[in-house]
Amino acid sequence: MDEQIALELRNISKFFGPVAANKDISFSLKRGEILALLGENGSGKTTLMNMISGIYYPDEGQIFVNGKPAVISSPQDAFRYKIGMVHQHFKLIDIFTAAQNIVLGVRETKRYSARRINEQVGKIASKYGFEIDPKKKIYDMSVSEKQTVEIVKVLYRGADILILDEPTAVLTPQETEKLFAVMRAMKEDGKSIIIITHKLHEVMAISDRVAVLRKGEYIGCVNTAETSEAALTEMMVGQKVELNIERPLTEHARPLLEIRDLCIKNDVGSLAIEDLSFFIRGGEILGVAGIAGCGQRELCEAIAGLRKVESGGIYHEGESIVGLSPKAIYEKGVSMSFIPEDRLGMGLAPSMSVTDNMMIKNYQDHGFGFRPRSVDAGDKSFRAAGRRCVNAVGGFFDRHWAFVNRRLARSEARRVIEELDVSTPSTETPVRRLSGGNVQKVLLGRELLNKPNVLITAYPVRGLDINSSYLIYDILNRQKKAGTGVLFIGEDLDVMLALCDKIMVLCHGRLMGVVHAEKTTKEQLGLMMAGALDLQEEKGKQMGVAKDTQIGEGETWNE
Amino acid sequence: MERVKEPLIHITRRDSMPVWKSLLIRFGAILIALLISAAFIAAMAPDSQGFFGFFSSLFSGTFGGKGGRRFWLTLQNTALLLCVALALVVAFRMKFWNLGGNGQVLMGCLACAMCMYYLGGKIPNPALWVIMLVASVAAGAVWAVIPAVFKAIFNTNESLFTLMMNYIAMYLVAFFISFWYPEGTGAMPPLSDVALPALGNGQAGRSLLPVLIAVVVTVLIFCYLRFSKHGYEISIVGESKNTARYAGINVRKVIIRTLVLSGAICGIVGFLLTGSINHMVSTTMDGNMGFTGIMVAWMGKFNPLIMAVVAFLINFLSRGMAQVCTDFGFTSEALSDIVIGLIYFFFIGCEFFIVYKVHIGRRKKQTSGLSDEASADTVQIETAGESDNAGMPVEERDGHFPQSSGTEASSGILGAEAVSGSGEEPSGKQQVREEN
């Protein structure tokens, strides 16, 4: 057997009931190699990796580690074979420090000594270029720090084969770069890495080889240097996919939503958004770029009425909506769909059915279906008086009806499922049992039911595969064509450059400028995101600056 | 291919199981537990009344005796326990772990007793009964709403708070008894002439009121949780407070309103206990139903109708085992506790076999799989697994369930399953493997 092979899979299959999650999969991982595992949602990547790391046991086939057959039937076994997995959802204990989490579960004969562990963690960190504070508690950490802890945890246990499940899904471009640097350092050290990701350009940037899965089957393995994004997509999807995002031209209407000198505080009481002014017109997509946590969430919440506005104004069609309840704002046609890092935290109730999630916004309006009898205004007959009476009583009970109308919600759910092509067994399936893309479609679909004229959507393609992402872009473009103003808070600059009409850049809650997407470059956006380029300071001459950063004279809404 | 040692037992998760099959498993588990218990008791019994004597004694605890007295007593206890469990479930649906059932019931009892003590004989009895009911309900509600207000405003830990309120209630009762009857032995004499009269003759007449009230409360709570806007709001707040806020729900209001309801139902139980059944109050009048009720709620998967069955089962067992102990001449309660524990163990343990499938021996090719009925009900298994973890909001992870009911009941598979609300999948570990 080839000495260079660290891990080999032969004819691995795994069934869940009648469904084959993995079917006859064989490939190998060389020592000192980064292998990207590519596949759409539900193609069996995570299942396969779970078998390697001992969480599942294959129904058929054999795993070889260093050329020897291996039985990996528990995570402890995987650990013995020096295989470590970093899961997509971190498995850390919040109230422990980084160091405590790292040593958790490691059986050592030596007594626990915080200092010794801190030293060892420090050693691993400096060897591969991690930035980590062993004494920091997990609940104080950002997502990327938590991920670092997870990776160090596997390294501390002496893993030679690392599996990273969608590590970049929650990272900013800068953090991703850092992670890639670390991965390269590990590769130099002779470690083998399998990385699962959806982002093709990352695959191209980091991997040596790419293995592709489609619907649980192994399609093939190619050298990264000899392939292209388009070829990989074709392997993944099974057909040619147009990788260009459409940007339809529309008639720009009047500004629908205007933000003026807005200041918002974050949860700890410091300013999250500082003197922000911008507006969204009907029929345009305004992108919001910025590194994670520079006020996007707070801005969304403020517009949706979930967060207190410290000063400044938010005007919807000329009317101030500051201080209105979230429901009142929603009824005016301002809808928000925010996909948080864990996908399900905001806007959806994960254990509840699709139907129940449909009515979250409008259940309060459910009546018992009372239809007022028609009465002529001048009619003074006894019969008309009776009808008026019925109308008054019926109307009162209809408005104050104590029960929800699931039949109505179910028909709405069916509409969303049909129109957005959500794949779900039924309308009564709990949302958390749907795959990521379908969850996001349900959320977006519910917001669209309200026929919003301003749609705020934050990270709508977070963690989605190519096909689902393009479906979401398509939905947004349809909304744009229908005259809706879309605020698109995104992560991927390439996508934003292709999809948005204008891009607004935030840096630490401050507006760095609004630029036309077709006239700007990724580099310029990067500089603005980092705060190195401030178009607000030096107005005018810059390339691609959108003229209407400030609202035009003739268009200003009168208060 | 080269074969290596493989794990003997191989566990996989089921997609779904037809209802009749899961019911069959549950009944099978109880049957096995009863057979083992019977063997155990037969072995322990001083004289050989034998294996079948156990069964006849067990059933005579509920169904034996003259004139259906035991049956009505079991029914009455079931009714009271079910009411407390329903009160708790209303809060549990919101992931508000109300452990203060005992205290809320006791406060209901105390308020009722106060009315009887101070107003008894001074106003006409029917008016007094109305006042008793109102006072009990109000006292129970107040006892539940205090922790709710703190939770809503300061986000205090409701489990500890409600738990501590139990002790305050207990000592308040003790205080009032010694205040009213300073010379007594610490027990309050029954004030039977001002209490509610029985609705008929015998035990049936005495038990009828609690049973009727329990039926009404069960139906109302079932509809409230399942169909009403309030019930819907409770579920959403329990799922995610952020989502609730976003939906325009006033989370504080929902927490407080729900706990008023929860405490009020406990207050009704207090009213029944003091006003109708015992005609007095004591510090142990709650019968620890606040904790047994937790078990009923979880074993009943938060579904009022299943909970009714569970509450009956629990009372059937405890009365049956008391009868077994009497008939067999056991003086120690430990034996009865062991048998009850054994039955719970099997009943809860069988949930594992409903959720997972166990393969013994070497792997063989699975072609058709386990369930023909589980047709297309599988959406992308891979991601279903992922979202199991993703779907767990912080509250859920933190809202671990304190095990105070003294049995292994609320842990493990069943507990996790009930958290997920719909009770279809345990949101527990993905680890589905054991090695032998």
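**Exercise 1. Two crossing helices in chain B**

The crossing of α3(B) and α12(B) is right-handed in this predicted model. Your task: find at what angle the axes of these two helices cross, and what that makes α3(B) relative to α12(B).

*Solution.* 
- Step 1: Locate the pair. Helix α3 of chain B covers residues 69-92, and helix α12 of chain B covers residues 304-328.
- Step 2: Look at the axes. They come within 8 Å and cross at roughly 135°.
- Step 3: Name the arrangement. With that angle, α3(B) is oblique to α12(B).
- Step 4: See who meets whom. On the α3(B) side the residues include B:Thr74, B:Leu81 and B:Val89, while the α12(B) side includes B:Met307, B:Phe312 and B:Arg319.
- Step 5: Sort the contact by class. Its residues divide into 12 nonpolar, 4 polar and 2 charged.

**Exercise 2. A leucine in chain B**

Decide whether B:Leu259 is buried or exposed, and list the residues it contacts beyond its neighbours within four places in sequence.

*Solution.* 
- Step 1: Find the residue. B:Leu259 lies in helix α10 of chain B, residues 251-278.
- Step 2: Count its surroundings. There are 30 other C-beta atoms within 10 Å, and 20 or more count as buried, so B:Leu259 is buried.
- Step 3: List the contacts. Setting aside those sequence neighbours, B:Leu259 touches B:Ala91, B:Phe96, B:Ala144, B:Val145 and B:Ala148.
- Step 4: Check one more distance. B:Leu225 is 34 residues away along the chain, and 14 Å separate its C-alpha atom from that of B:Leu259.

**Exercise 3. Domains of chain A**

Work out how many residues of domain 1 of chain A are in contact with domain 2 of chain A.

*Solution.* 
- Step 1: Chain A is divided into domain 1 (5-237), domain 2 (244-335 + 451-559) and domain 3 (349-450).
- Step 2: Note the spacing. The centres of domains 1 and 2 of chain A, taken over C-alpha atoms, are 36 Å apart.
- Step 3: Read the contact. 9 residues of domain 1 touch 9 residues of domain 2 in chain A.
- Step 4: Describe the domain 1 side of chain A. Where it touches domain 2, it has 2 nonpolar, 5 polar and 2 charged residues.

Terms used
Residues are numbered from 1 along each chain as its sequence is written. Chains are lettered from A and ligands numbered from 1 in the order in which they are written. This is a predicted model: local features need pLDDT of at least 70, side-chain atom pairs count only at pLDDT 80 or more; totals for chains, interfaces and linings use all residues. Domain bounds come from an automatic or database domain assignment. Two residues are in contact if their C-beta atoms, placed from the backbone, lie within 7 Å. Ala, Val, Leu, Ile, Met, Phe, Trp, Tyr, Cys and Pro count as nonpolar, Asp, Glu, Lys and Arg as charged, and the others, Gly among them, as polar. Helices (H or I, at least four residues) and strands (E, at least two) are DSSP runs, numbered from the N terminus. A residue is buried if 20 or more other C-beta atoms lie within 10 Å of its own, exposed if 12 or fewer, and partly exposed in between; C-beta atoms are placed from the backbone. Axes are lines fitted to C-alpha atoms, for helices over the stretch in contact, and angles run from 0 to 180 degrees between N-to-C directions. Angles under 35 degrees count as roughly parallel, over 145 as roughly antiparallel, 65 to 115 as roughly perpendicular and the rest as oblique. A crossing is left-handed if the near helix is turned anticlockwise from the far one by less than a right angle, and right-handed if clockwise.
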